[in-house]
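Here are some notes to read alongside the structure, written as numbered points. Please keep the view open and follow each point on it.

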Amino acid sequence: SEGDSLALNDRGKIFVDKENFQPFTWSLVDYGNPELEAKILEVRQTYSSYPKREYDQFFASAKTSVSKALIVQAKGLLEDKVKIALLGDDDLVSLVLALLNPALEITVFEVDPDILKTITKGAELLGIKNIQTITYDARNSLDKRFINKFDVVLTDPPYTKSGFGLFLKRAVELAGYDQRLQKGKYIFIHYGASFKSPEKYL
């Protein structure tokens, strides 16, 4: 290895070719779909309420909501019958995921009844039938029937150390680990911090 270059022996080259690695995408900005964005915007304008500070809500733009779902798709995780949990969904990412593949099994865990209503009404508007909604406060223990049951978990936690830690803990509980296949699950944590406050990331 010299500088930014890397030399592989024959065994390494075979491994890399077999794995079919893809470049890492560093930003949500690189993803978009105007048609899906228009659908999410329609749901927002028809049913959505205002963000509630008591739930630490900040609604994302339609483009960001779509980008979050497209990242999961780009990772190859939206195959039929994949079980996806969203721990909080004020950005309506569940609707985008369902539009990308109606054969997914999507469950939204959300404390705000207005968000749950928006998701339910939005699903009706868009003809979506593969989303289940659960009223859930992350401060409470999860029902045992949901532990270790999901292949993919998405969350956009409160932007505090304790909020982040709690939501990550719940995400790990929902995903678990497949002992039989020795295969890990996937957790997507969306976390926003201004370039002016990089310490928040740390």
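1. Leaving aside its neighbours within four places in sequence, with which residues is Leu154 in contact? The model you are looking at is predicted, and in it Leu154 is in contact with Lys68, Val72, Ile84, Ala85, Leu86, Leu87, Val93, Leu97, Phe188 and His190. Among these partners, Ile84 and Leu97 will come up again in the point on the nonpolar core.

2. Strand E1, which covers residues 83-87, is mostly covered, since four of its five residues are buried. On one hand, E1 is joined to strand E2 (residues 105-110) by five bridges, and the two run parallel; in this pairing, Ile84 has Ile106 of E2 as its bridge partner. On the other hand, E1 pairs with strand E4 (residues 152-155) over four bridges, also in the parallel sense, and here Leu87 stands opposite Thr155.

3. How is the path from E1 to E2 arranged, and which helix takes part in the β-α-β unit? Helix H4 (residues 93-100) is the helix in question, and together with E1 and E2 it makes a β-α-β unit that is right-handed.

4. Further along the sheet, E2 and E3 run parallel and are joined by five bridges, with Phe109 standing opposite Ile134 in E3.

5. In soluble globular proteins, nonpolar side chains tend to be buried together. In this model, the largest nonpolar core has 33 residues, and those with the most contacts inside it are Ile84, Leu95, Leu97 and Leu154. At least two residues of this core come from each of helix H2 (34-47), helix H3 (62-74), E1, H4, E2, helix H5 (113-126) and E4, while H3 gives the most, with six residues. There is also a second, separate core of 14 residues, which includes Leu142, Val153, Phe167 and Leu174.

6. Not counting residues up to four places away in sequence, Thr155 touches Leu87, Phe167, Phe188, Ile189 and His190.

7. Phe167 is found in helix H6 (residues 161-175), and with a relative accessibility of 16% it counts as buried as well. Although Phe167 and Thr155 are 12 residues apart in sequence, their C-alpha atoms are 7.3 Å apart in space. If residues up to four places away in sequence are not counted, Phe167 touches Leu87, Ala138, Thr155, Pro157 and Pro158.

How values were computed
Residues are numbered from 1 along each chain as its sequence is written. This is a predicted model: local features need pLDDT of at least 70, side-chain atom pairs count only at pLDDT 80 or more; totals for chains, interfaces and linings use all residues. Side-chain values use heavy atoms; hydrogens and water are left out. Buried means under 20% relative accessible area, exposed over 50%, partly exposed in between (1.4 Å probe, protein chains only). Two strands pair if DSSP finds at least two bridges between them. A crossover is right-handed if, with the strands pointing away from the viewer, the path from the first strand over the helix to the second runs clockwise. A nonpolar core is a set of buried Ala, Val, Leu, Ile, Met, Phe, Trp, Tyr and Cys residues joined through side-chain atoms within 4.5 Å. Contact means heavy atoms within 4.5 Å.
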